[in-house]
Amino acid sequence: MISILLKPKKEESLLRFHPWLFSGAIQSIEGNPAEGDLVEIIDNKRKFVAIGHYQIGSIAVRVVSFDKISIDDDFWTSKIQRAYAMRLSLGLVNPGKNDTYRLVHGEGDSLPGLIVDVYAETAVMQAHSVGMHETRNILAAAIVKSVPGVKNVYYKSETTLPFKAPIAPEDGYLIGEETSTLSALENGLEFHVDWLRGQKTGFFIDQRENRALLERYSAGKSVLNMFCYTGGFSVYAMRGGAKVVHSVDSSTKAILLTDKNVETNFPNDLRHKSIDVDAFKYLNNLGELEQKYDLIVLDPPAFAKHRDALRNALKGYRRLNAKAFEQIKPGGIVFTFSCSQVVSKEQFRLAVFSAAAESKRNVRILHQLSQPDDHPINIYHPEGEYLKGLVLWVE
Ligand code: SAH
């Protein structure tokens, strides 16, 4: 195996189990690794530190093991088994009620660069590193072997792999085939999940607990679900007994998906309406008090995908939340989220605070929300915390 020799003292963060080696820490590379190769990291006294996938870029290695062991099929199978055992123990594997969960959450499951979501009989796998791309067939076999009920593995990495890497990933089934249903159960609700054409792996599982919380607050309320995508929050609000539910998204495909999901769970239910329009435009033109809402959900796409976009992203969150505070009925509730990894919890809260001050409304924090248990945060890799939310009471 090719060795990567560190500069003096540069092993410290790795000794604290941080799973990334940055290129600036490298003294020399003994050999000529290709992107995706397994490499051994050694300190400047030539002591073993970790093994990981080599990468071109500022993150030079993503660590897969801090032990000097052989990285074979059994190694990967054992990692998948451990990830599954945790989901099972958390009560997420519950056929007939809940068969949708994230099986592997990258660094959070000590599998940097790999995401796997399970939808009933199908696992959808995404590689974010060439190393995981190269390992895809071994991983797919390990998933089918380790996760009872999963028969198909769909690989979806055309858009997630580093675009400069000399590979041409193709989306498709690595094991099994398309099922006729393409649907999944979450907390007893049925959702059509389009992993072939949908965003990410087809569904945002990370909002499961937050949707369940919204359900608790929905009885008798008029609910506005902004950036609805699959209509997840809308369907929970309906089960919670909302008076009306309006779902807004600027994508026609998202609106069709929302309508389908609402219709599946609540056929011919006249409480729901979806609106294909820009969120900011919609909030600008809400009109009189009786058209305003008791409960507003703001779950926009990541406003900042990179650090350079941070300032504009914070402005975006501020502007969006200020609009919601302006428009919500007195005694209303706002569920507001940010899924931008580069926006910290504190920065997001400050943006929402500025929005509240701008609107001059009296705003209280009821809950501070995060990502659910199947999206664990590796304690040595705090960067893995990305979903932030606040539930606010607006007087
Ligand atoms: N809340 C959803 C996930 C939201 S994903 C869930 O629980 O699953 C973000 C969504 O925002 C996408 O569907 C995208 O089409 C939509 N979107 C992006 N920009 C928008 C805008 N300016 N106005 C309305 N919708 C927008």
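User: Why does Phe227 count as buried?

Analyst: Its relative accessibility is 17%. Buried means under 20% relative accessible area, exposed means over 50%, and partly exposed is in between (1.4 Å probe, protein chains only). The value of Phe227 is 17%, so Phe227 counts as buried. One note on sources: this is a predicted model, where local features need pLDDT of at least 70, side-chain atom pairs count only at pLDDT 80 or more, and totals for chains, interfaces and linings use all residues. Residues are numbered from 1 along each chain as its sequence is written, and side-chain values use heavy atoms, with hydrogens and water left out.

User: Where is Phe227 placed?

Analyst: Phe227 is in the loop between β14 (222-226) and α6. Helices (H or I, at least four residues) and strands (E, at least two) are DSSP runs, numbered from the N terminus. Phe227 also has a positive phi of about 60 degrees, although it is not a glycine.

User: What makes Ser222 buried?

Analyst: Its relative accessibility is 5%. That is under 20%, so Ser222 counts as buried. Ser222 sits in strand β14. Leaving out residues up to four places away in sequence, Ser222 touches Val244, Lys292, Tyr293, Asp294, Leu295 and Lys329. Contact here means heavy atoms within 4.5 Å.

User: Why is Ser251 called partly exposed?

Analyst: Ser251 has 27% relative accessibility. That falls between 20% and 50%, so Ser251 counts as partly exposed. Ser251 is in the loop between β15 (244-249) and α7 (252-265). The C-alpha atoms of Ser251 and Val277 are 7.8 Å apart, though the two residues are 26 places apart along the chain.

User: Why is α6 said to be largely enclosed by the rest of the structure?

Analyst: Seven of its eight residues are buried, so α6 is largely enclosed. The buried ones are Gly232, Phe233, Ser234, Val235, Tyr236, Ala237 and Met238. After α6 comes Gly241, with a positive phi near 90 degrees.

User: How do α5 and α6 pack?

Analyst: Two packed helices are described by the angle between their axes and the distance between the axes. For α5 (residues 208-217) and α6 (residues 232-239), the angle is about 35 degrees and the axes are 8 Å apart. Axes are lines fitted to C-alpha atoms, for helices over the stretch in contact, and angles run from 0 to 180 degrees between N-to-C directions.

User: Which residues of α5 and α6 make the contact?

Analyst: On α5 they are Arg208, Asn210, Arg211, Ala212, Leu214 and Glu215. On α6 they are Gly232, Phe233, Tyr236, Ala237 and Arg239.

User: What makes Arg208 and Asp374 a salt bridge?

Analyst: Their N to O distance is 3.0 Å. A salt bridge is a side-chain nitrogen of Lys or Arg within 4 Å of a carboxyl oxygen of Asp or Glu. The distance of 3.0 Å is within 4 Å, so the pair qualifies. Arg208 is in helix α5 and Asp374 in the loop between β19 and β20, 166 residues apart. Arg208 and Asp374 are both buried. A network of salt bridges links Arg208, Glu209, Asp373 and Asp374.

User: How many salt bridges does the structure hold?

Analyst: The structure holds 17. Among them is Arg46 with Glu30, whose closest N and O atoms are 3.0 Å apart. Arg46 lies in the loop between β4 (38-42) and β5 (48-54) and Glu30 in strand β3 (residues 26-30), so the pair ties together parts 16 residues apart in sequence. Glu30 has a relative accessible area of 34%, so Glu30 is partly exposed.

User: How do you know that Lys345 forms a salt bridge with Glu385?

Analyst: Their closest N and O atoms are 3.5 Å apart. That is within 4 Å, so the pair counts. Lys345 lies in helix α10 (residues 345-359) and Glu385 in the loop between β19 and β20, so the pair ties together parts 40 residues apart in sequence. Lys345 is partly exposed, with a relative accessible area of 42%. Glu385 is partly exposed too, with 29%.

User: Why does Tyr380 count as partly exposed?

Analyst: Tyr380 has 41% relative accessibility, between 20% and 50%, so it counts as partly exposed. Tyr380 is in the loop between β19 (363-369) and β20 (388-394).
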